[in-house]
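Okay, thanks for making time, everyone. I'd like to walk through one structure with you, so let me put it up.

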Amino acid sequence: MSPIFTSVLVLGITGLVLGLVLFSVARKFHVEENPKVKQIEELLPGANCGGCGYPGCAGFAQACADSSSMEGLKCTACKDEVMRRIAEITGHEIAESASRVAVVRCSGSCANRPSVNRYDGPRSCAVAALQNGGETGCSYGCLGSGDCVKACSFNAIRMNPETGLPEVDQEKCGGCGACARECPKNIIEIRNRNKADRRIYVSCMNRDRGPVAKAACSVACIGCGKCVSACAFDAITLEDNLAYINPDKCRLCRKCESECPQHSIIAVNFPPRRDESSSPIEQNS
Amino acid sequence: MMSQNLFISTSPHIHCGDSVERNMHLVILALVPALAASVLLFGIGALIVTATSVASCLLFEWLISKWLLKRERCTIGDGSAIITGILLAFNLPSNIPLFQIVMGSLFAIGVGKMVFGGLGNNPFNPALVGRVFMLISFPSRMTSWPVPHQMLAYTDAVTAATPLGLVGYQNDSLPSYMDMFLGNTGGSLGETCALALLIGFVILLAFRVITWHIPVTIMLTVAVLTGAMWLVNPEVYADPLTHLLSGGLMLGSIFMATDYVTSPMTRKGMVWYGIGIGFLTVVIRLFGSYPEGMSFAILIMNAIVPLINNWCRPKHFGEVVK
Amino acid sequence: MSLRTFSTGGIHPKSNKLTASGAIEPARLPSQAVFPLSQHIGAPAVPCVSKGDRVRVGTQIAKADGPMSASVHSSVSGTVSKIDSIVDASGLRRPAVFIDVEGDEWEPSIDRSDNLVINVTMSNEKIIERIRECGIVGMGGACFPTHVKLCPPQECRIDTLIVNAVECEPYLTADHRLILEYPDQIIVGVRILMKTLGVERAVIGIEENKPDAIELLRTKTQMVSGIEVMPLAMKYPQGGEKQLIEAVTGRRVPPPPALPAHVGCVVQNVGTVFAIYEAVVKNKPLIERVVTVTGEGVSRPCNLKVRMGTPVGQLIEQAGGMPENTAKIVSGGPMMGRPLLGTDVPVVKGTSGILLLSEKTAARKEERNCIRCAKCVSVCPMGLEPYKLATAAELGRWEVARESWVMSCIECGCCQSTCPSHRPLLDWIRLSKKKK
């Protein structure tokens, strides 16, 4: 027998046997998978941000395919269009749910909140928050090392080098909450996008007494309670020297914003005020 | 709160003052005796090769970090590129042409170190990566060693076989132990003078740059294994002392195997690593096709270091030993 | 004869004991004293005075809240001006009682005489109750309530009391001076503790760099049975509880949650022993402590006997003022102390020293790649791999850190202070200890 023939024979038989083994194993261990899962997964962004509450995009796709309705299923990172297509695949009605956005509740920029100490540890908010309240007199506010930026899978948040605070890109943010979970000071809140994406919130987390808070930061909430009495809808509560606007009750009237002596209430995406004389800056001066 | 602008980083608040630079500079200092010996033995050629190698290593590290990696801070100041340059040169014959040295340096720095992210991330010793690259690319140039004491000769130097090349063929024409100890034999320019390398070892130990574990276990393993073989058949196998004093064994075990980045993290791991290098060196020297096996042995063990680190973990305080 | 020490890791930092020969001086009374309500591990104490109340030295101003808490006593006489918050040594603003000082009027129940009482006849329960009432906590820095330590779990049989007089932190000499100036009181304190714990043997562990203290304690304990003075070789962190137990007895405490009591030992700091003597014999709550005020460029480094609540700035003043180049104020020693945010921070039960560091020492050097030199591994007294723990934390791999025993880390700082690449190893390790 020629050597060539032998090798061809040996290799051929080996290949055949192994092929049969692979085939039978594949048959035996075949898992019937819902084809919808794969289709849905292809539509999802694949960032595994966890904003939907499921373990990654694959988990969400599985949940969509298994569920009998789209109730409570919403990919926070997807546009409505994508959710509609997912609903088409599953054959269920799309559930209406408010879209959400991350809101940074601190206005303590370098100018408003001067630093009194120097932190020279690693650039990580989590590490900085371990032993002290940060470089400034306010131990509640932003630490400025950008853990939220690292947490975001969608490039929707970035540090503004001028203010030293994170800024949320409203277009890109889907409100998945990854940044809020990462922030050791819990200054990021996930709020509903209202009509025309208008939002009004207290941009401060400082729970110190008024004078202490004011000394540390010129735009800190001092807990004076003017906004509480100004609100006609009981939407504002005051706890531990800090006001909070409940987004479910707030009717976006903007009365509180003009009342706040510290300008710590921020209104976003509102048209400019008609009556210039009532602008908060002039009132204050 | 008064504005004092105090530092508020957490404890510890003091540092022992050690730095990467300090360690690297001490290694360079420990290499100086061997460099002096090589100049005395191989003359101007040794100087040319070392200078070219160091200069090109520095240049390539600077070029790569500046233009390819676009790093803000260049790392050539830490001294590691100088060490790579010197060690690469020490592994070359003193009559090797310049362009080959430059290519070897490029490979050592580029492929051996910078592709992994620079100092600290490289799995293999960069100088050895460069040396093995050259050994495979330019085999004839890399294995013809000039005879010592040709002070002004460079590429035109007369060459001869090294002691290890003679073993097994002409055992009676081996140089004396004293000649091998002082480096009075052919060989790569930095590896021949065992005395100078041992002085370097003492410097490294005195300044606590390295511990004794790796070099001593390599030498012991080599001595024990070659000794056993020598006792079996002294006709074919050289005696342990010849093995210890010849080839790159001293250079490799003292300076190359002890490289921080590519050696294990625990004492126990270092001992196993040393035994592995010694064993592989002996196997390659006695049964392989190359007369010298140190560089391959170190590179192979470098690859196993992560496994050694996983296996030889320090004993956790209070851990119950079963 | 080679001296005993612990076996794994450890470093030899420059000891810098500038104040070793400086006698303890009384610190000036402050004009306002501030008493944070959490001066200990465990729940904060609950204030039991209100604004306008008159207090005397030794009056209880806050009650312990639960078994792991400790009460707080006023160290001055005067009027409570407010109950507010202050930034304490933790760097956070926490509740505190402010007292305006008027005169120096003590509670009559406190025995202020210097009489040494040698025989204590109080029952064990009474002693522990007294220690609890007096708000005594571990004075080495961890501030663990002492009465908890004196009631070890039922299943443990305690056979050795170890008195920690090691003071391995550079710069600090408060314990050293305390031994030299109050040796008799400390020995009575040791005997009280031996009686309470029911042990026959007590060992005073002390590093060899305090030969005068060793000599003095040896002569004083010659006549007392059961107390041994054991000089130890110098090595940091010998004052760590587990390290000291190993150095003295050779026993190794198993990893958490095991306690020293599980190997039959109870460790008490020598400052705590002194405070116990004063509490039990003199009925004096924990209102004073010795603080070493020292540092680079301090013109008159000294050991001061300070009333709790005194602002740190006043102590610095008494030590000759703050040097121009001060860039960091540390409460405690340079290896494990906490950085202070300013000079308003009050002295609390755990303040063993005030250390001023210049910019050159305090500023961290630029961080480099890990060069895998393995120095952190060889100095770790707990046999951990700091390089690996820090990298795992940096990458957010908490489970890897946990599997590598991160919870055993005692935060001694050996790894970070040794790292040639100046990596903030301990910062990352602390973070992964917090992330459970």
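**Strand by strand, then helices**

Let's start with one residue pair: V101(A) sits across from R191(A), which belongs to strand 5 of chain A. Before I go on, keep in mind that this is a predicted model.

So where does that pair belong? Strand 1 of chain A and strand 5, residues 188-192 of chain A, run antiparallel to each other and are paired over 5 bridges. Now, buried or exposed, what would you say for strand 1 of chain A? Buried: that goes for 5 of the 5 residues in strand 1, residues 100-104 of chain A, so the strand is largely enclosed by the rest of the structure.

Okay, over to chain C. Here we've got an open sheet of 6 strands with mixed pairing, and the order is 1-14-13-17-15-16. Which strands stand at the edges? Those are strand 1 (24-26) and strand 16 (338-339) of chain C, and each has a single partner strand, so one side of each has no neighbour in the sheet. Further in, strand 13 (residues 288-295) and strand 14 (residues 302-307) of chain C run antiparallel, joined by 6 bridges. If you want a pair to click on, take E288(C), whose bridge partner in strand 14 of chain C is R307(C).

Now for a helix pair in chain B. Helix 4 (residues 98-111) and helix 5 (residues 126-137) of chain B pack at about 135 degrees, and their axes are 8 Å apart. That angle makes helix 4 of chain B oblique to helix 5 of chain B, and the crossing is right-handed. Among the residues making the contact are F107(B) and I109(B) from helix 4 of chain B, and F133(B) and M134(B) from helix 5 of chain B. By class, that contact has 9 nonpolar, 4 polar and 1 charged residues.

Last stop, the interface between chains A and C. There, 12 residues of chain A are in contact with 14 residues of chain C. Helix 5 of chain A, residues 125-131, gives the most to chain A's side, with 4 residues. That side divides into 4 nonpolar, 6 polar and 2 charged residues.

Key: Residues are numbered from 1 along each chain as its sequence is written. Chains are lettered from A and ligands numbered from 1 in the order in which they are written. This is a predicted model: local features need pLDDT of at least 70, side-chain atom pairs count only at pLDDT 80 or more; totals for chains, interfaces and linings use all residues. Two residues are in contact if their C-beta atoms, placed from the backbone, lie within 7 Å. Helices (H or I, at least four residues) and strands (E, at least two) are DSSP runs, numbered from the N terminus. Ala, Val, Leu, Ile, Met, Phe, Trp, Tyr, Cys and Pro count as nonpolar, Asp, Glu, Lys and Arg as charged, and the others, Gly among them, as polar. A residue is buried if 20 or more other C-beta atoms lie within 10 Å of its own, exposed if 12 or fewer, and partly exposed in between; C-beta atoms are placed from the backbone. Two strands pair if DSSP finds at least two bridges between them. Axes are lines fitted to C-alpha atoms, for helices over the stretch in contact, and angles run from 0 to 180 degrees between N-to-C directions. Angles under 35 degrees count as roughly parallel, over 145 as roughly antiparallel, 65 to 115 as roughly perpendicular and the rest as oblique. A crossing is left-handed if the near helix is turned anticlockwise from the far one by less than a right angle, and right-handed if clockwise.
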